[in-house]
Amino acid sequence: METNLKPLTQFFMKFTSAGLVAGTLALGAGNAVAQPSPGVTDTEIKIGAYLPLSGPIASYGIPLLAGMQAAINTANEAGGVKGRKFTLVAEDNKFNPQATVAIARKLITRDEIFAFVAPMGTPSTAAAMDYILNEAKVPIINPYAGMAEWYNPPRDFFYGAQVPLESQAKVIGRWAAKDGHKKLIAVHLTLVTNERQANEFAQAAKRMNPDVAVEFLSTKLGSTDFGPMAIEIASKKPDAIAMFFTQNETVALAKELRLQNVRIPIYTYAGIVINSTIDIAGASVEGMKAVSYIVPPSLDTPAVREYRTALAKVAPNEKPDYLSLNSYGYMKIFIEAVRRINGPITRQTLVQSMDNMRNYDTGILPSVTYSPKQHMGTTSLQRVQITGGKWNILGDAVDSEKDW
Amino acid sequence: MGDFPAVVISGIVSGSTYALLALGIVIIFRSTDTVNFAIGDTGTLAVFVTGSLIAAGLPIAAGLLVAIVLAGLMGVATERLLIRPLGHSRNVLFIALVITIGLGLLIHAGIFLGWGTRSRSFPVLVPGSANIFGIALAWNKILAAVIAAAAMGAVAWFFTKTAFGTAMRATAEDPGAARMIGIDAGRVATIAWFVGSGMAAIAAFFLAADTSLNASLTISALFRAFAGVFLGGLTSMAGAVIGGFVIGVLDNIAGRYISANYRDTIVFAVIVLVLFIRPAGVLGAGRKERV
Amino acid sequence: MSRAATNTVALRWVSIAIAGVALAFAVGPLKMVGDYPQFIIASASFYFIAVLSVNMLAGLCGIWSMGHTAYIALGAYIAANLTKYGVPLEAILVAAAAAAGILGFILGLSAGRFSVLYFGLLTMALALVTTEVVSHWVVVTGGDDGMKVGKAISIFLPAPIETKNTVVICVLLATAVYLIGDAVNASQFGRRWLAVKGQRTAAMAIGLKPHVENATAFGLSAAIASSSGVAMAFSVAFIDPVAFSLDASITLIVGTVVGGIGSSLGALVGSGFITAVPELARDALAVANFVYGGTMVVVLLFLRQGLVPAFRARIRRWRGHGTVKAGAPRRAVDAAAMGALVSRLMPPARHSLSLKNVSVHFSGLKALDDVSFEVPPGTAVGLIGPNGAGKTSLLNVLSGFYEPVSATSVTLGDVDVLAASPSGRAALGMGRTFQHAELFPELSIRDMLLTVAGLARPLRRANRIALQDPVAITELILDGLELRPYANSLPAELPFGIQKVADIGRVLAIGASVVSMDEPFSGLDEHERSELRAILRGMHSAGVSILIIDHAVQEVLSLADKVVVLDFGRLLAYGDPASIRRDPAVMKAYFGSAHQVEVAAHG
């Protein structure tokens, strides 16, 4: 093409590449040296989290972030822990697994966080776990996520307080069978986690009552139009339906079912136990049964009052709700673990402190116990039901690992 | 038979939204040769503003009119500031498309800045539902279909029975000749973009009540509208409308009888097939030249 | 290209290669940067490869693919799957390039059927379908949950490559792709594609098959895109469909538009932009969207071609490459030299060009109605008639741009001309000049002649022309037609007369022996006219068959052995110039009465 610009372009190229090399050297010079305890200084402990802060699942991420921040502020206002205040670096993963891996790398290499606390997303965590735990050896404490295989066997640097999704599904399946339903439909997202939930639900129901028959329907994450599915469900005339969706799809399908006058009991899991579910879906979810990780956010106890005060200060537009209370509790556990460290604060001592935590009661979650062989803090769930437009406790707590 | 009639009716009702958007797309394309990718986002932004006004006390029905006017004005501004300066060079059709993609990004940024990233609920104009052919349809959705039909009828009347509407069709056929007989291309463009964007606002208004109000409100519907547009031919208004309804029904049938998972797949596959086999559309003129 | 220019190019490429390898080592084994900059550089690298693939296709072919993410996805998932079986990186790159290249080639074959707009939409729809397929084909892709990618194995290294060190692969690949982009731009391929992009019909007239050229370009572009996917897969070590979604396609378009098409540098700037923005915005969605959208809108409104081309155009103007005035002093026309030039390059025609009963209709209008005549070898036949008589239509039939609705035959000797595609006519030795020159807008005069001369090698060999080297032929034509001052100029920078002369140079470069000329005299000044006369006489004495349309009737009548007169598509008269001059029917058709022709011919 043009042959006369060569000298100029050549210069530009050399200049650019030299500049590139120089620039990256300058960028990287400081970071090339690894610190013994990244994220911890004399005055600060820096923790990180990936959450969906945009997109459809932002309805989870934004309240979760608010709860975490509230817990951190409470601790900081009381003087911090061991003379250090907590800083939270949160980034938006849009609930996308690949983005989560990239964010994890950035938080670890660019921001040098001490640990991940209460990040969100089961597929997201599954994608990034290998890198975070095995390659970078950074702890993940109490994610808002959970799969059974993460705890069997326990993984180094990984601790959770959330009953895995499959275990919840087992409880729900047993419950549906106990309630006498025989013809069941389980609807689920096509993601692996939700598919497993549906399977566990079916197996647990059949274990309880071999006469139970379960049919499966699935749809993509992000579906909004449930008209055809509702029509299909109506034509099959089940006794009850179990939903393994996120809140968005649950609400949409519930409304559509009500529209089509399909009045059957709905069972779902803890991820839907949020007050906003009732705000959005109204009468469509009246009678819905589920299991909850935590106490109601309206409870009048010192711990929950403390939460409500802290939340109002950090995020006045957030109404007290299960999600922010959840992450508040998860963060409290982490803060307590740091407090119980004897000696220097390192990732190793953090992990040791977690391993030694017995029966710590946040007043929010069931009391948690960790040990070297048990990285799952609790297996207890509370059955709940929406009655009179509110989530109400139903019966005693159940142990998800036992046949209750 | 079973619930087939129900599925079809439901599809026609959903399809009215796609038909509206499709009509908006074609009106704008025929008058200014621009495929406006931001048409859905224009409607969405208008509905966001309307939503805030409604929360502040504006009656919902008035909100619909406000949304139409807001979107229309945004469309006019888009045409004047972004499209008209591009001129008439060789690749301007594609460049115009790309610039509307850029506009879409800007609108998203505006929505995030103004209203954050969370979805919000949007009120229905008419609560309750009716029972048709054995399925229940929300009155709001039925109203949406009726208003959509009325809007499309009004547009059809405008384009065929009024002098200016005919002038606009002439401009679409042959801009040079139209200019020579005194038709003001600028006015034609302005009206076309107002009307087209207004259609999108109506679609977004009812979609928001149906699902929830967020920045990605119209994306799914827009794809289906485009499928309808290609099915009917990018230059045929009637074709776009019919195409939109056909896609609505196809979508619902796929959702009911194949799998809810495959609805998007089928819609995109339809677009690809139509573009490959008969790019001028089933109802468009069988043109010899490259479309 | 001159020796000096070749050396400069080689020097530039070597310095880019060295810079790239140096960077790769600096960020990799030498560990001169921390983990985070490593990650950024890796991202920038595979973004660069992706943007370059889109950029190259748009710049060289005018094809804007809004769905190249499909090929990136192909590369990524091939990498993720093959690496499970221990297939080395190098083999994965080849496999991905082959798969993507074939698919791209097939898609590119149909690009000619569509306008830029429609094809862009089609590619977008294909990308959406691809995302859906990825989403559903869970066994191979892990579906919406995504899949992990194992460590890359290289045949050159003993151990698998750590994820952190994959940045070396990314940088090396990016450097290689940069050089490939530059090389293609400067090569015969790049020139051919620009010719098809700029002037499809003229490209066919010089023997290019547009759909094959598009397909090849698309295949190459897709292959490059797939290597971006491979690099990304190993770099992030995890892939899922969202990385290849519509948003990702749009981001690539933003990078291409902002950086500007037509050069590797533009791709570098564009990819740097799309890497930097999210990092600087710390993923704040509103900011990233705003910067992307705003920059794209501003660039499209004010710097239409993008940052790098706009910069380059400014430099070009500053260096004085603006519109060239034909004020250069010109030497007297040397008829003998012209004749020598022509006979060196154009072989004598050996066969008769014969048209029998050719009819062309356009929706009821009879452009040509049952026209028959012959052009014996070595004769000059003038084709005259009033406007709309069908003269250009006839030439278009000969070039293959129009298909006759009926024809007994159109033959060159015993070769059925109509059986050859428009691209195949040049190989028969048929050349064509155009009324409006129809040069290739993005090729300089020298590059155009080089391209044509390169394409016509087989024809020259068949005709046993002594001079074979395209560079030598180009230089000869530039000198012989006094085009040297304009050799590096683009057609838009040249006066119309010079363009027409260059058009004739094109026919010389083909080495045609049967030449159709559409109004060659129009738009020429007196000097250029005498040049043209000398060339035509040169062609005639070299034995080239000429079929010439022109409204300069005197010129036609004085050159032609025979004259064909058309009116309303029908053959009105066919005979030698003298009898045509006196033919009353001709006079009536042209002038309305018999008297004026005599005056015009002799006045």
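Mentor: Let's start with helix axes: axes are lines fitted to C-alpha atoms, for helices over the stretch in contact, and angles run from 0 to 180 degrees between N-to-C directions. Helices are DSSP runs (H or I, at least four residues), numbered from the N terminus. This is a predicted model, where local features need pLDDT of at least 70 and side-chain atom pairs count only at pLDDT 80 or more, while totals for chains, interfaces and linings use all residues. Residues are numbered from 1 along each chain as its sequence is written, and chains are lettered from A in the order in which they are written.

Trainee: At what angle do the axes of α3 and α10 of chain C cross?

Mentor: Helix α3 (residues 69-82) and helix α10 (residues 210-236) of chain C cross at roughly 45°, their axes coming within 6 Å. Angles under 35 degrees count as roughly parallel, over 145 as roughly antiparallel, 65 to 115 as roughly perpendicular and the rest as oblique, so α3(C) is oblique to α10(C).

Trainee: Which residues make the contact?

Mentor: Two residues are in contact if their C-beta atoms, placed from the backbone, lie within 7 Å. Among them are C:Tyr71 and C:Ala76 of α3(C), and C:Ser226 and C:Phe234 of α10(C).

Trainee: How many residues of this contact are nonpolar, polar or charged?

Mentor: Ala, Val, Leu, Ile, Met, Phe, Trp, Tyr, Cys and Pro count as nonpolar, Asp, Glu, Lys and Arg as charged, and the others, Gly among them, as polar. The contact of α3(C) with α10(C) has 13 nonpolar, five polar and no charged residues.

Trainee: How far apart do the C-alpha centres of the domains of chain A lie?

Mentor: Domain bounds come from an automatic or database domain assignment. The centres of domain 1 and domain 2 of chain A are 28 Å apart, and twelve residues of domain 1 touch 14 of domain 2.

Terms used: Helices (H or I, at least four residues) and strands (E, at least two) are DSSP runs, numbered from the N terminus.
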